[in-house]
Amino acid sequence: MSMQINKNELNILDASLFRPLFHWQMANTKRFRQVFTLVFVRSPESPEMKQILLEQMRTSDLLFSFPIGEPDVILMANTGEEEADVFIERLRRTESTRSYRVGVSVIEIRNGDAAFEDVLQIGNDSVNRALQLRGDTPYVKDRSFRKLERQCVRVSIIEDDPVVTMIIQKLVERISVKQLDLDIQVFRDGQYFIESNWYQSSHTHLVIMNDILPRKNGLEVLYTLRELPNMQKYHVFMMTKRKSEAEMIYAYQYGVDEYITKPFNPKLFESQIKKVLRRIYYG
Amino acid sequence: MNAPLITSSFFGFVGYILLVYMLAVIFSYSSMLVIAFIQLGKERKLQKKLSDEGAVDFIYTQPVTIIVPAYNEQEGVLGNIYSLLALQYPQFEILVINDGSIDNTEDVVIEHFNMKPIRKVVNQQLETQPIEAIYQSDMHPNLLLITKVNGGKADALNVGINVSKYPYFCSIDGDSILDNTSLLRVMKPIMESNKEVIATGGTVRIANGYEIQMGQVVREGLPSSTIVTMQIIEYMRAFLMGRMALSKYNMVLIISGAFSVFSKKWVLQVGGYTKNTVGEDMELVVKLHEEISDRKEDKEIVFTPDPVCWTEAPDNFKDLRTQRRRWHQGLAESLWLHKKMAFNPKYGSVGLLSIPYFLFIELLGPVIELAGYAYMVLSLFMGEAYIVFAGILGLLFILYGSLFSMASILLEAWSRNTYPAVKDLFRLVLLSLTEVFWYRPLTLIWRTEGISSALRRKREWGSIQRRGLSEDRE
Amino acid sequence: MDKILLSLLLVIVVLLIILFALFFLLVFYRMQEVKKKEAIGKYIEDRQVDWYEYLFGDGLSLVALKPHKNLELEAIDELFFRINYHFSSDEINDKINAFASLYMSDYYSKKLTSRSRELRINTLNKISLFNLQFMLDPVSSLLEKKKKYSKTELLLIYEITVKFSRTDFVTHFVAPKVPLGEFDYKKLLMELDEEQINLLAEDFNVLPELLQLTMIEIIGVHHYLDWLPLLHQCLDNPAQEIRIRALKSIAELEVVNSLELYESFSHSTIWEERLMTAKIFRFAPTEEALPILERLIKDPNYQVRAQAAKSIKSLKNGHQALYSVITMSTDEFAIDVAEEMFGKEY
């Protein structure tokens, strides 16, 4: 019995704490791709109901108690909607001990960019939707946030001919890889690129460049990138007119992902870029 | 009564000599101007970039070693290396030779390009001062730095030749920069002639006034300094008029040491650069001409106007004076060393035309012209008859000094368009008309000083000189 | 005397006037040029996306790009150059040809028969660079004209013939209108495909020596393995240059199955032959290559030594072999080149 009380105190939290904990959870989702699930529960206000919920929850789940008229929220860290089924099943078994209906909505969150207000809104709406269904424990699963977080890849094109830059940019824009957003920026030469803070971000970067550039040339840009602490996030695609093998071998050693010799087939270029992007996505 | 007559008639005689000399000079310049005009006209509309394409392809091009002798070049050397790294050329190595600099040249290069010491076997084909260390860049594996005991520019270049691994080498001053197509275009005559051309030189232009960042020209324009602009005019005249014409008939004696390419094989045959001369670049070319004639081979040395090398010109009288004295001293020494070639039919047009041209017009010209200036001043005190005479002489000077300069500017603007702004062109033209009144006399004095220091040095270095001559006889 | 002075003065004044007149003429033309350049730049900027759609996408029809002014043709010409420099595919090529043959045929033909040599050269260069196949006929008809063309032009005409016509080129190669040098032959042969090389190689023995040399080299550069027997045949050729080139190409082909044929060249008195042998053995099995290379690393010629060291390095267990040279050898030069191999190559 003392165990029970203990659990009550630890796992039930005031509604005001929901927002900070949600954000903290979100940060984990973003950084470590952790999935979590929110369960919205609407029932008549009765202290007994909260007790029931607490008994059916796992010790790792947290119940946020909201004021009257608003649904309570259970946060299940590291949990997907399938695992939440267990909770619903257990809640169903309590139907015989209560005389009122309980509406449940399960929202699995994978998208690290979901906004707090949106989640709250959708939770409210879906739990109301559930209550329109039949049964003593009606439930819905909302999958609005289940879509994987779209990863943003920063693409830099370093090339001095504006016509060519435009074409390359369009060719890259044409490529669509699932779940990757491409953010493209063009630079006239290596020095502009290095001087910009564009490449200094935690994004994954794809750098498409000429090997011969006015001011800092390709190898030097490559060298600068390789000196960065998170260099595995930079994928370099080199275009070349010269074909000195020794230099190409050298560049590969320095971590060029792909080399392409000008003039090149745009289709080949596309598929090579695609290959690099897939590698980025699947790790 | 008699005495003044004699002096005055002697005075008249000298005047006539000066007059004849001036006419001869004007004649030779005019013909060179015409040749240059025809040559340039032939390729004025040629779109060079179209034919660059084919040459970039790997197999056609010969790999080149670029040798950069650097003595106290900490200011300019980085820009120079950056411009070389941006060259459009399939295969080349860059050897920066630090000739015992006493500034931070070595540290600057090592730090900037992450140079690491390496072991390298040097094929000691030419005798040089010892090498202290060889470094290789971690970023650009084809960039090497060689530090050696100081031995002068010629010695540094010889070290570069020893270390180089490719069949052609290009010498470039440590403070100048290249356009990215320059190497390709300077090599073109060699390839297109199927290697009949064994040395080529490009145009050297003055970079002052241009905005240059990391070895790349960012903005073009004329410098505000008059003395530098004057030199720009001078360079235009020298490169477009003088060298174009001489090159047409394989008579070039000077291809600027600031930017030229040589076949290593041939340079090794003549023993590399000659040490202890001031004008090692001219000296090498004359040696090559001599060798070509001695072996009776059909090789050529050409100047090509297209590839451009940018260099910083002195912007004060003191440095300019030193430079001009050195140049002229070098010219004098080279001509003296190869005096047996002069008027020697064995050496063909080089012996019969080129060397005499350099001797009488380039080398002795300043002395005679100075005499001309002095003559004009004197004639003011000699009576009316001479004033008219002096007037004629003066007009010839104007024709020779200023009008030719102006014509060169127009030729340059017509064929190359280096200074596209109309304002700049106008300034150049106006300035060229003033040349004869102040700039020309000044350079004449400096060049004459060069002759006298060459004469003095001859005496100091007598023993070395004799050894050089005995080698010639063998 | 006074007369001379006056007439000289007159001459100078007249010259000055002429020069100034020229100067203003020049400035006038310069200004026009600038205007033209701006217009071309503007066309490119305005229409580049359309051109992208036409050449790289499949949205735009040819008619939408119909040029209206001569200036536009020049801008398109410029655009072709920039695009061709970077991109090439059959699709782009076909589309450029389709467009140019419809709207630019006159533009190019007129320039091809222009009186200015520079314009003709520019045009020939462009036909070759942009692969304008439809211009083959006008170009080959130039050869039938009485006019004397410069070597640059003839070379370009030959190059275009080689590129666009399968068989016509052979006569030009064997009997060119101007004597061709090695560089010229290389340039032409680079354009041949394998089938054309075969056609030429059938008559290998009757070709001019310069052409033979170049062919041998091209076989190596293009890795035409089928012609290895021909290279082997060349090894018995009395001409030293041909043997050296053949060895060089064999080294490029990276073959290792007839090593016994090459081994004797490691004893040759000609250092270039030893050099090439050292190069050939870089892909050979270690046990066969090592004895030969260990001998060549002590060669009197510097380049042979350096190549031998390089070749040992690329053998299987080559690093070990190099170490043993460093530790066991008494030849200082050999040790030096071996040690150098542990640095970074370029």
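**Setting up**

I noted that residues count from 1 along each chain as its sequence is written, with chains lettered from A and ligands numbered from 1 in the order in which they are written. Since the model is predicted, local features need pLDDT of at least 70 and side-chain atom pairs count only at pLDDT 80 or more, while totals for chains, interfaces and linings use all residues.

**Entry 1: the sheet in chain A**

I started with the domain assignment of chain A, which gives domain 1 (2–142) and domain 2 (151–282); the bounds come from an automatic or database assignment. The centres of these two domains, taken over C-alpha atoms, sit 46 Å apart.

Next I traced an open sheet of six strands in chain A, in the order β1-β3-β4-β2-β5-β6 and with mixed pairing. For my own reference, strands (E, at least two residues) and helices (H or I, at least four) are DSSP runs numbered from the N terminus, and two strands pair if DSSP finds at least two bridges between them. Which strands stand at the edges? They are β1 (12–14) and β6 (139–142) of chain A, each with a single partner strand, so one side of each lacks a neighbour in the sheet. On average, neighbouring strands are turned by 25 degrees against each other, direction ignored.

I then went through the pairings:

- β2 (residues 36–42) and β5 (residues 103–109) of chain A run antiparallel and are joined by seven bridges. Phe40(A) stands opposite Ser105(A) in β5(A).
- β2(A) also pairs with β4(A), antiparallel over six bridges. Here I found Val41(A) opposite Asp72(A) in β4(A).
- β3(A) and β4(A) are antiparallel too, with three bridges. Phe64(A) has Val73(A) in β4(A) as its bridge partner.

β3(A) and β4(A) form a hairpin with six residues between them, and Gly69(A) in the turn has a positive phi of about 95 degrees.

How many residues of β4(A) are buried? Five of its six are, so I wrote the strand down as mostly covered. Buried means 20 or more other C-beta atoms within 10 Å of a residue's own, exposed means 12 or fewer, and partly exposed is in between, with C-beta atoms placed from the backbone.

Helix α4 (residues 81–92) of chain A lies across β2, β4, β5 and β6 of chain A, at about 165 degrees to β5(A). Axes are lines fitted to C-alpha atoms, for helices over the stretch in contact, and angles run from 0 to 180 degrees between N-to-C directions.

In chain A I looked up a cis peptide bond from Lys262(A) to Pro263(A), with omega near -5 degrees. Pro263(A) is in the loop between β11 (256–261) and α10 (266–282) of chain A.

In chain B I picked out two lysines. Lys195(B), in the loop between α6 and β8 (197–206) of chain B, has a positive phi of about 70 degrees although it is not a glycine. Is Lys296(B) buried or exposed? Lys296(B) is exposed, with 7 other C-beta atoms within 10 Å, whereas Lys195(B) is partly exposed, with 17. Phi of Lys296(B) is near 55 degrees, again positive, and this residue lies in the loop between α9 (280–295) and β12 (300–311) of chain B.

**Entry 2: chain B against chain C**

I found 40 residues of chain B in contact with 37 residues of chain C, where contact means C-beta atoms, placed from the backbone, within 7 Å. On the chain B side, α2 (48–56), α6 (182–192), α13 (384–415) and α14 (422–434) each supply at least two residues. The largest share, 13 residues, comes from α13(B). That side divides into 23 nonpolar, eight polar and nine charged residues; nonpolar covers Ala, Val, Leu, Ile, Met, Phe, Trp, Tyr, Cys and Pro, charged covers Asp, Glu, Lys and Arg, and the others, Gly among them, are polar.

**Entry 3: chain B against chain A**

This contact takes 14 residues from chain B and 15 residues from chain A. The side of chain B that touches chain A has nine nonpolar, five polar and no charged residues.

Technical notes. Contact = placed C-beta atoms within 7 Å.
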